[in-house]
Amino acid sequence: RAGASMEPALQFFSEEMNQRVREHLRIESELREALANGELMLYYQPKVSLRSGRIVGAEALLRWRHPVRGLVSPGVFIPVAEETGLITELGNWVIEEACGQIRRWREAGLAMPPVAVNLSARQFDRGLPQRMADALERHQVRPEQIMLEITESLLVRGAEPVVAIMNELVAMGLALALDDFGTGYSSLAYLKKFPISTLKIDRAFVVGLPHEENDCAIARAIVTMGQQMRQEIVAEGVETMDQMAFLRDLGCDQLQGYLFSQPVPAADFERMVRAGRRLALALPDR
Ligand code: C2E
Ligand code: MG
Ligand code: MG
Ligand code: MG
């Protein structure tokens with residue numbers, strides 16, 4: 001009978017589920033401790049202008065220095081934090097830490113470019129503008145020094161409150177970037193409803209440049225549309241000179257990726273800016 005032969009598979013499946021649940025619970029409780037014990041830190045990845053080659057910003061990316069497991073990537077713990085709701089506390093820590101870092105740079109007399117922080121859709125509630133205002137005030141940070149990266153999942157949820165909250169943030173002087181653009185479910189029609197000033201082309205479409213025709217077409221379409229809508233376009237995950245040259249020729253504004261730098265601790269990012277490090281936009285003449 002079919003039922004009998006199904007049994008082992010079902011048992012296997014539920015054992016696997018059990019393990020997943022246990023793993024999630026473990027990560028959740030360890031993440032709570034991590035927050036309390038100061039095991040979290042922000043790394044900074046430069047954003048570089050494709051016109052000047054200069055560093056014009058940075059994205060702050062969460063890192064977890066686990067006492068046993070070493071550096072844990074956000075791909076592992078952010079999904080758990082999203083599921084358990086811990087992302088709210090994590091997100092608040094990120095905002096606080098980024099503002100604190102900007103303040104330390106200012107107090108050290110350094111001119112540093114704006115920092116973008118990632119926001120989870122779950123952080124996007126009516127209290128967000130006030131929480132942002134409090135953090136800015138506490139650290140005497142100007143709103144132009146912070147950018148907020150959001151994802152398409154938020155637009156799809158797209159009800160009135162989301163637009164109202166975005167408008168409030170923008171009115172405060174905070175700029176919004178749409179992250180991982182092209183990978184979500186939002187239609188282009190959504191875009192014009194939201195006060196978004198920057199589009200980030202997802203790495204998924206950058207990886208095949210300049211050889212994959214489809215990736216080229218998508219990158220070209222996004223850059224063209226962004227120009228029409230007066231948005232800044234940032235390409236994510238740029239790793240090669242060929243990708244860079246293709247994006248530069250399209251008129252893409254900025255790039256972020258291993259070609260220039262991986263995400264690095266604040267002190268390393270600071271050194272890069274102080275040294276005036278620039279991206280070579282052309283191969284040296286010979
Ligand atoms: P994201 O916001 O799209 O960040 C870009 C990711 O691409 C980062 O991964 C970065 O290290 C990686 N990346 C950048 N350039 C390259 C490249 O040239 N090649 C490759 N292979 N990868 C590149 P990371 O740091 O592991 O973060 C993964 C994701 O975790 C982020 O994607 C973001 O969605 C989430 N995340 C990170 N920090 C936070 C945070 O503070 N809050 C929230 N809500 N999410 C965060
Ligand atoms: Mg991001
Ligand atoms: Mg991204
Ligand atoms: Mg991405």
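This is a predicted model: local features need pLDDT of at least 70, side-chain atom pairs count only at pLDDT 80 or more; totals for chains, interfaces and linings use all residues.
Two magnesium ions, ligand 3 and ligand 4, are 3.0 Å apart. Ligand 1 takes up the space of the largest pocket.

**Metal site**

- Asp-180 lies in strand 6 (residues 175-181), while Asp-202 sits in the loop between strand 7 (198-201) and helix 8 (203-206), so the pair ties together parts that are 22 residues apart in sequence.
- Asp-180 coordinates both magnesium ions, ligand 3 and ligand 4.
- Asp-180 has 26% relative accessibility and counts as partly exposed.
- Asp-202 is under the 20% limit for buried residues. Its relative accessibility is 12%, so Asp-202 counts as buried.

**Polar contacts of ligand 1**

- The side chain of Gln-45 places an N or O atom 3.1 Å from a nitrogen atom of ligand 1.
- A polar backbone atom of Leu-62 is 3.2 Å from a nitrogen atom of ligand 1.
- An oxygen atom of ligand 1 is 3.1 Å from an N or O atom in the Glu-236 side chain.
- On its own, ligand 1 has 800 Å² of accessible area, and the protein covers 82% of that.

**Shell around ligand 1**

- Ligand 1 is surrounded by 21 residues. The closest are Arg-63, Asn-118, Asp-179, Glu-239 and Tyr-258.
- Strand 2 (55-66), helix 2 (74-84) and strand 6 each supply at least two residues of this shell.
- Strand 2 gives the largest share, four residues.

Note on methods: Residues are numbered from 1 along each chain as its sequence is written. Chains are lettered from A and ligands numbered from 1 in the order in which they are written. Side-chain values use heavy atoms; hydrogens and water are left out. Donors are N, O and S atoms within 2.8 Å of the metal (3.2 Å for Na, K and Ca); water is not among the atoms, so sites may look incomplete. Buried means under 20% relative accessible area, exposed over 50%, partly exposed in between (1.4 Å probe, protein chains only). A residue is near a molecule or strand if one of its heavy atoms lies within 4 Å of it. A polar contact is a pair of N or O atoms within 3.5 Å; within protein, one must be able to donate a hydrogen and the other to accept it, and residues adjacent in sequence count only if both atoms are side-chain atoms. Accessible areas come from the Shrake-Rupley method with a 1.4 Å probe; for residues, only the protein chains shown count as cover. On a 1 Å grid over the protein atoms alone, a cavity is a set of points where a 1.4 Å probe fits but cannot get out, and a pocket is an open set with protein on both sides within 12 Å along at least five of seven lines; lining residues have an atom within 4 Å of a point. A molecule sits in a cavity or pocket if more than half of its atoms lie within 2 Å of its grid points.
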